[in-house]
Number of protein chains: 2
Amino acid sequence: MPTTLATLINHQVRLAARPVGLPKASDWHLTAEPVAAPGDGGVLVKVLALSLDPAMRGWMNEGRSYIPPVGIGEVMRAGGIGTVIASSHPGFAVGDAVSGIPGVQEYWALPADQVARSGLAKIDLRLGSVPQWLNVLGMPGMTGYFGLMDVGQPKAGETVVVSGAAGAVGQTVGQIAKIKGCRVVGIAGGPAKCDWVVKELGFDACIDYKAPAPEGAKRWDAVREGLRQHCPKGVDIYFDNVGGEILDTVLAKINLKARIIICGAISQYNATSAVAGPKNYLSLLVNRARMEGIVVFDYADRYPQAIAEMAGYLKDGRMVSREDVIEGGVAAFPGTLNKLFSGENFGKLVLKVADY
Amino acid sequence: MPTTLATLINHQVRLAARPVGLPKASDWHLTAEPVAAPGDGGVLVKVLALSLDPAMRGWMNEGRSYIPPVGIGEVMRAGGIGTVIASSHPGFAVGDAVSGIPGVQEYWALPADQVARSGLAKIDLRLGSVPQWLNVLGMPGMTGYFGLMDVGQPKAGETVVVSGAAGAVGQTVGQIAKIKGCRVVGIAGGPAKCDWVVKELGFDACIDYKAPAPEGAKRWDAVREGLRQHCPKGVDIYFDNVGGEILDTVLAKINLKARIIICGAISQYNATSAVAGPKNYLSLLVNRARMEGIVVFDYADRYPQAIAEMAGYLKDGRMVSREDVIEGGVAAFPGTLNKLFSGENFGKLVLKVADY
């Protein structure tokens, strides 16, 4: 490790407290420390951009989940893209572009014994930009791909509904479903997102769940009416990123043998009372339908195949992507994360940490 | 049709009104009319016994379901066993024992054009008694068999939990799961049922959901504690007949790739407010687990194979069955049905209509 690196300062965002409801400033602790030396056989990565995902909210809670919670005082977990700036590991060279889980910090030092199990992987920036490697070619893209293809098993002609349609996972799911010959209806918040989903992504329709209810109508009647209008043959696959009332409303419209992919429940992540369970879950019985969860890490050995397929779609123009890249470095992390929960972001939310 | 039959009176129970909550006497209308002539090519069945099932409550409600609701003024739908007392249909002879959906009445007249699609089928009373043909060899048995085997796909060594364990479906599910090499834990109401489930059916354990909570404990802590104690390796398959808080409590204990079979939700069928959705449904996500509905009619073409397998288990003693046979004829139907919802019945609830 060149001695000049030792003078670099690593700014970090650590979890200070377990949030109740929406995370607030006091739940975070910003720290600065000299860059750690990765040691013999280790790798030092300069972080370029971080992925901000709804799942982060779950990682901040105590309790059993698909991965351990972030500990109090630990650097907040985050996926990201970086450049190798020092390496004595045979698999990585200075200048390599890499993806991994660096956490919310500017530098990621990996000792030799952690490289293999860290998930650090070289990426090819000719296949997609840094933000795209956090979106369609990254975790959200992989989640959408394997959730739709493996759990959903779409057949041409089927109707696929996806919530959070303008989000990172939703945009991927809908576009793949179109490529596979399905009718695709999105659900998103606001006319700008809905327009983009239809005009740029090519969905057949998009329902604005924030549209004001007509006089006398109830809060979710617009979604119900939208499904009735845009899914004349019912719903064969529902890819759920939001949970809550929207999940319930779609459950009332599913077809025989429908598949519901439970990918997330952003409407519930900051709930301070109990999660709202799907009141219409008995629609699963009536329709012999299936509701199944997906966690992307299960498919890690098949990422390369999915990345190759998606990169092909990006190249031939059958797939487009949109990222909402926020400047401001790691200090901007706390405020930026909360944009996810208000639905303020438009496209995959990315925090730029350094120039690329 | 012998002329003497024309003098027979057919007592019937018809749906008078759509119940709100638990069905009450005024929701039913008892009628008596001369036995209808089945006509050329038709069949006349004398009903011996009727099956009383939780699903009946759903058939009384308006709205889209897996079969149309019973119409106001119509004879209540019910499965049953009978004897052919007149026939000019080539497939049925006087004296044949048959199963079908006669409805809550004493005689079932099937005109020629209805025989094929009525589901009328000859049964062999050497394989099981009349009540057993409504239980393990009938709809509940088929539901348990295909729900467990096709949706649940049990593997030897896995832990299977079944609610309504002493009920018609539950007793079948648990015994098949034991035969297939699983650890089986039942959930039932009261020490008598739980004892029977363990001692007679051979379940590994049975949790009494009606057990009084210890001081300071909450209503469902006993179920939670029972699962902790009796499912040390977690829950791989949950066969749910009850819904509500028990479903939620089991969801908190499921393993990776668990399968939850949604067969019924008897705790919710008489709810006058909205059905309680499973608040812990995100456990499906965390555990990449699946919740799937079953409707037995989908497996009609495979009933003979399942009946042969189950009859074999009855014969070799690996399976026992228990029926709660109520005397009193069709007039006793309204009061008897409600025993299901209070959990008063012990074993498959059967209404005897005539001597057999």
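Trainee: OK, so two residues are in contact if their C-beta atoms, placed from the backbone, lie within 7 Å. Going by that, how many residues of chain A are in contact with chain B?

Mentor: This is a predicted model, so keep that in mind throughout. In the model, 25 residues of chain A are in contact with 25 residues of chain B.

Trainee: Which elements give two or more residues to chain A's side?

Mentor: Helix H9 (283-286) and strand E13 (290-293) of chain A. The largest share comes from E13(A), with four residues.

Trainee: And what is that side made of, by class?

Mentor: The side of chain A that touches chain B has 16 nonpolar, four polar and five charged residues.

Trainee: Back to E13(A). In which sense does E13(A) pair with E13(B), and over how many bridges?

Mentor: E13(A) and E13(B) pair in the antiparallel sense, over three bridges. Glu292(A) has Arg290(B) as its bridge partner in E13(B), and Arg290(A) has Glu292(B).

Trainee: Which way do the residues of E13(B) point?

Mentor: Arg290(B) and Glu292(B) point one way from E13(B), while Met291(B) and Gly293(B) point the other way. Buried is the label for all of them.

Trainee: What's the strand order of the sheet these E13 strands sit in?

Mentor: It's an open sheet of 12 strands with mixed pairing, in the order E10(A)-E9(A)-E8(A)-E11(A)-E12(A)-E13(A)-E13(B)-E12(B)-E11(B)-E8(B)-E9(B)-E10(B).

Trainee: Which strands stand at the edges?

Mentor: Strand E10 (205-208) of chain A and strand E10 (205-208) of chain B. Each has a single partner strand, so one side of each is left without a neighbour in the sheet. Ignoring direction, neighbouring strands of this sheet are turned by 15° against each other on average.

Trainee: I flagged Lys257(B) for its phi. What is the value?

Mentor: Phi of Lys257(B) is near 60°, a positive value in a residue other than glycine. Lys257(B) lies in strand E12 of chain B. Lys257(B) counts as partly exposed because it has 13 other C-beta atoms within 10 Å, and exposed would need 12 or fewer.

Trainee: Since you mention H4(B), which strands does H4(B) lie across?

Mentor: H4(B) lies across E11, E12 and strand E13 (290-293) of chain B, and runs at about 145° to E12(B). There's a helix partner as well: helix H4 (residues 139-152) of chain B packs with helix H10 (residues 303-316) of chain B at an angle of about 95°, their axes 10 Å apart. That makes H4(B) roughly perpendicular to H10(B).

Trainee: Which residues make that contact?

Mentor: Gly141(B), Met142(B), Tyr145(B) and Phe146(B) from H4(B), and Tyr303(B), Ala306(B) and Met310(B) from H10(B). By class, that's six nonpolar, one polar and no charged residues.

Trainee: How far is Leu125(B) from Ala306(B)?

Mentor: They are 181 residues apart in sequence and 16 Å apart in space, C-alpha to C-alpha. Leu125(B) lies in the loop between strand E7 (121-122) and helix H3 (130-133) of chain B.

Trainee: Is Leu125(B) buried or exposed, and what does Leu125(B) touch?

Mentor: Leu125(B) counts as exposed, because it has 12 C-beta neighbours inside 10 Å. Leaving out residues up to four places away in sequence, Leu125(B) touches Ala97(B) and Val130(B).

Trainee: New topic: domains. What does the assignment give for chain A?

Mentor: Domain 1 (3-125 + 324-352) and domain 2 (139-297). Their centres, taken over C-alpha atoms, are 30 Å apart. For contacts, 16 residues of domain 1 of chain A meet 13 residues of domain 2 of chain A.

Trainee: Which element gives the most on the domain 1 side?

Mentor: Helix H1 (residues 55-59) of chain A, with three residues. By class, the side of domain 1 of chain A that touches domain 2 of chain A has seven nonpolar, six polar and three charged residues.

Notes
Residues numbered from 1 in each chain as written. Chains lettered and ligands numbered in written order. Predicted model: local features only at pLDDT ≥ 70, side-chain atom pairs only at ≥ 80, totals over all residues. Axes fitted to C-alpha atoms, helices over the stretch in contact; angles between N-to-C directions. Parallel < 35°, antiparallel > 145°, perpendicular 65-115°, else oblique. Nonpolar A, V, L, I, M, F, W, Y, C, P; charged D, E, K, R; others polar. Pairing = 2+ DSSP bridges. Domains from an automatic or database assignment. Buried ≥ 20, exposed ≤ 12 C-beta atoms within 10 Å, placed from the backbone.
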